[in-house]
Structure formats: structure tokens, C-alpha cells
Amino acid sequence: RRTTRARGRARVAPRSSTPRSPTMIRFALLFSKQAKIRLSKYYVLTNQKERKRIERDVTSRIIPRANKLCNVVEYRDVKLVYRKYASLYFCLAVDRGANELATLEMIQHYVEILDKYFGNVCELDLVFNFHKAHYVLDEVFIAGHLQETSKKLIARLVGEHDALVERVKLGGPAAEDA
């Protein structure tokens with residue numbers, strides 16, 4: 001904290017009320033090149049009408065962009081960092097001060113985990129197994145921050161979750177020791 005001198009007495013400059021944190025993700029969108037939203041996750045409170053407007057704006061800004069252009073677009077008070085894999089766009093909206101390359105690495109990390117889980121993920125995997133894609137996203141990102149970087153750990157956790165769901169579907173106990 002720094003002090004300043006004003007009228008003969010020292011004043012302490014106030015600290016920022018929020019500490020500087022690593023990249024904060026505002027929302028994550030996965031959409032097709034036909035602008036169909038396949039997965040959306042908002043980490044800040046956003047009403048339904050605003051979400052539809054954001055999704056429409058984001059898809060209309062990103063899809064027509066040439067492949068030669070950079071993967072960062074400024075939008076309102078955030079940066080949209082996106083990457084296209086086959087016919088799917090993976091987009092994260094981050095704070096303006098966030099590192100774009102680190103954000104691209106986060107997208108790559110999520111895609112690699114999906115690839116490992118689904119065995120070369122495609123759009124149909126996300127359409128028919130959207131709940132699993134959401135679950136994997138929730139294992140990687142919590143409250144808008146990268147939570148887990150170990151692909152092996154996430155694969156193990158998702159596998160355990162699938163086993164638990166199957167056990168419950170078959171009428172077995174939910175707990176492993178029961």
C-alpha cells in the first residue's frame with residue numbers, strides 16, 4: 001500500500017476491493033458453423049433474454065471471420081477467444097486483461113479431454129451427450145476459473161461418475177461400499 005501526503009497528514013491509498021485473479025471466464029459457448037448452440041455455460045449472472053442476445057451476437061461475429069484472422073474478438077467488456085475444430089467453434093469470453101494464449105490453451109485442454117472421453121469428439125457427441133459434455137466442462141472449469149489441469153484425473157473422475165450413474169440406473173446402491 002502506498003501512502004500520500006495531503007494537508008500535512010498521511011493518507012493510505014485504498015486497496016482494490018477485488019484481488020487480481022487469473023483469467024476469469026464470463027461464459028463458454030460451443031456452437032456449429034450453422035450457429036446452433038451445442039453447449040453454453042455462464043459464470044456470471046445473466047438473464048435468459050440477455051443470453052439469447054449474447055449467443056446471437058457472438059455467433060454472428062465469429063462464424064463469418066476468415067480463417068487467417070486472429071482468434072480474439074473484442075465484444076462489449078470482454079474478449080472472445082475462440083478456436084474452430086472441424087465444424088465446431090469453442091469460444092470463451094474472458095476479461096479484457098486476460099492472456100489470449102493461455103485462454104487458447106484452456107480451450108485446447110477441454111477439447112483434448114472431450115476427445116479422450118468420446119474418442120475423437122464430433123458435433124453429434126455433443127448433441128446426444130450434452131450432459132456429459134457439461135459434466136466434463138464442470139470438472140475443468142469451476143466458477144469461471146480453470147480448476148483442474150490433469151487430464152488423467154478428469155478422465156478418472158468422469159469414468160467414476162459414469163460408473164455411478166450406470167449402477168443407479170440398474171437399481172444398485174449409489175455408494176460404492178453399500
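## How α2 and α5 meet

Helices α2 and α5 pack at an angle of about 45°, with their axes 10 Å apart; axes here are lines fitted to C-alpha atoms over the stretch in contact, and angles run from 0 to 180 degrees between N-to-C directions. That makes the pair oblique to each other, the class left over once angles under 35 degrees (roughly parallel), over 145 (roughly antiparallel) and 65 to 115 (roughly perpendicular) are taken out.

On the α2 side, His109, Glu112, Ile113, Lys116 and Tyr117 make the contact, meaning heavy atoms within 4.5 Å. From α5 come Lys151, Lys152, Ile154, Ala155, Val158 and Asp162.

## What kind of model this is

This is a predicted model, where local features need pLDDT of at least 70 and side-chain atom pairs count only at pLDDT 80 or more, while totals for chains, interfaces and linings use all residues. Residues are numbered from 1 along each chain as its sequence is written, and side-chain values use heavy atoms, with hydrogens and water left out.

## A closer look at His109

His109 sits in α2, which covers residues 100-118. At 10% relative accessibility it counts as buried (under 20% relative accessible area, with a 1.4 Å probe and protein chains only). Setting aside neighbours within four places in sequence, His109 touches Val140, Leu146, Glu148, Thr149, Lys151 and Ile154.

## The buried side of α4

Val140 also belongs to α4 (residues 130-140), where Ala133, Val136, Leu137, Glu139 and Val140 are buried. They span an arc of only 160° around the axis, so they lie on the same side of α4; the arc is taken from the directions from the helix axis to the C-beta atoms. Among the elements these buried residues pack against are α2, α3 (123-128) and α5 (151-169).

Key. Helices (H or I, at least four residues) and strands (E, at least two) are DSSP runs, numbered from the N terminus. Buried means under 20% relative accessible area, exposed over 50%, partly exposed in between (1.4 Å probe, protein chains only).
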